[in-house]
Amino acid sequence: MADRGGTSVRTADLVLEGGGVKGIALVGAAAALDEAGWRFARIAGSSAGALVGSIIAAMQQAGEPMSRVDEIMRTLDYERMLDRRRTGRLLRWWPRAADAWGILFHLGMYRGHHLTQWTRGVLADLGVRTFADLAFDDPDSSDPARSFRLVVTASDLSRQRVVYLPWDLPDYRVDVDRYPVARAVRASAAIPFMFEPVRLRSPFGVSTLSDGSLLRSYPIGIFDREDGRPARWPTIGVRLSSPSNERAPATPVTGPVSMVVNLVYTTVDSTQVRHVSDPADVERSIFAKPRGVRWTDFDLTPEQQQDLFDAGHAAARAWLARHPDGPPSRHGDEGTLDVTG
């Protein structure tokens with residue numbers, strides 16, 4: 001099959017790593033893949049990857065060009081995402097007290113309401129409100145009940161487990177077809193202590209859903225078949241970090257605060273190390289590591305946003321030059337699937 005301009009159209013699943021505001025680099029990488037003729041049957045993501053992935057999935061569902069993803073993402077005001085509750089706003093003259101109040105009473109400094117509203121509005125304009133709008137007929141799937149264009153990860157702190165939304169919603173006795181996609185994205189992006197977590201009521205009680213990056217920042221194997229049959233198409237992942245490095249410099253633990261920070265990073269990294277070190281997974285991963293921007297730099301300038309996009313685009317083009325036919329064939333033959341609805 002050929003796209004306009006004679007570019008051959010190929011199908012892949014797309015997996016996007018979390019990384020805060022650096023997620024703009026994911027848009028650049030996805031744009032380069034689209035320019036090379038890749039279309040995405042299913043998309044999985046965590047945190048920023050969940051946000052970008054939801055927009056890409058909705059765009060493809062609506063038959064819109066991928067070029068609009070970057071245009072839409074540029075409308076997100078990152079500073080407005082730092083939306084405090086009323087008491088926190090009254091304490092704006094004493095930011096540390098406002099932060100402490102939010103964490104103490106709501107488990108997060110910021111509500112995350114702006115992110116929810118922005119995501120809901122963007123997706124609704126593309127015809128997507130609940131996961132029912134992203135379901136599709138895929139009888140050749142290893143599990144047809146999991147046939148959704150989008151899957152996002154979240155961390156259930158109450159039950160100490162990773163949650164794949166919408167796949168795991170039936171386990172919580174929650175109606176998949178009525179669950180808002182924007183709410184799932186918001187849960188996946190709930191950075192601990194920064195944004196308030198999302199509550200999920202079920203027969204097990206009230207679960208507290210937080211950042212998917214805690215337990216599965218980069219679910220590269222999420223779409224791999226488990227029924228012994230060959231894959232119909234490959235998986236391509238985009239990371240916002242570098243491959244693991246045994247010579248990484250030590251980060252000194254100088255006190256209780258740095259102890260907590262290093263403990264969190266050690267815990268998170270240990271859940272990802274197998275995916276980072278597996279040679280096959282490295283081969284199907286684009287490492288779009290932006291420099292000069294921290295994942296919590298919500299005061300991004302337009303120039304920084306462009307730099308992030310360019311970094312992702314360049315990394316994907318470099319990967320495509322090394323893999324003109326896609327990832328190694330170990331992950332199955334390419335297949336065809338209508339990715340526009």
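Aspartate 34 is buried, with 18% relative accessible area, where buried means under 20% relative accessible area, exposed over 50% and partly exposed in between (1.4 Å probe, protein chains only). Its salt-bridge partner is arginine 39, with 2.9 Å between the closest N and O atoms; a salt bridge here is a side-chain nitrogen of Lys or Arg within 4 Å of a carboxyl oxygen of Asp or Glu. Arginine 39 also counts as buried, at 16% relative accessibility.

A word on the ground rules before the tour. This is a predicted model, in which local features need pLDDT of at least 70 and side-chain atom pairs count only at pLDDT 80 or more, while totals for chains, interfaces and linings use all residues. Residues are numbered from 1 along each chain as its sequence is written, and side-chain values use heavy atoms, with hydrogens and water left out.

**Helix 1**

- Aspartate 34 is one of the buried residues of helix 1, among them also Ile24, Leu26, Val27 and Leu33.
- In total, 11 of the 12 residues of helix 1 are buried, which leaves the helix mostly covered. (Helices are DSSP runs of H or I with at least four residues, strands are runs of E with at least two, and both are numbered from the N terminus.)
- From first C-alpha to last, helix 1 reaches 17 Å, close to the 16 Å expected at 1.5 Å a residue; the expected span is 1.5 Å times one less than the number of residues.
- After helix 1 comes glycine 37, which has a positive phi near 100°.

- Five of the five residues of strand 9 (residues 235-239) are buried, so the strand is largely enclosed by the rest of the structure.
- Thr235, Gly237 and Arg239 point one way from strand 9, while Ile236 and Val238 point the other way.
- Strand 9 pairs with strand 1 (residues 10-16) in the parallel sense over four bridges; for two strands to pair, DSSP must find at least two bridges between them.
- Within that pairing, valine 15 stands opposite glycine 237.
- Strand 10 (residues 285-287) also runs parallel to strand 9, joined to it by three bridges, and here arginine 239 stands opposite phenylalanine 287.

**Salt bridges**

- The whole structure holds 12 salt bridges.
- One of them is between the side chains of arginine 239 and glutamate 17, at 2.6 Å from N to O.
- That pair links distant parts of the chain, 222 residues apart: arginine 239 sits in strand 9 and glutamate 17 in the loop between strand 1 and helix 1. Both residues are buried.
- Aspartate 138 and arginine 232 also meet through their side chains in a salt bridge, at 2.6 Å from N to O.
- Aspartate 138 lies in the loop between helix 6 (113-125) and strand 4 (150-156), and arginine 232 in the loop between helix 8 (213-216) and strand 9, so this pair ties together parts 94 residues apart in sequence.
- Aspartate 138 is buried at 4% relative accessibility, and arginine 232 is buried at 18%.

- Aspartate 168 lies in the loop between strand 5 (161-165) and helix 7 (181-188).
- Leaving aside residues up to four places away in sequence, aspartate 168 touches Val162 and Val163, contact being heavy atoms within 4.5 Å.
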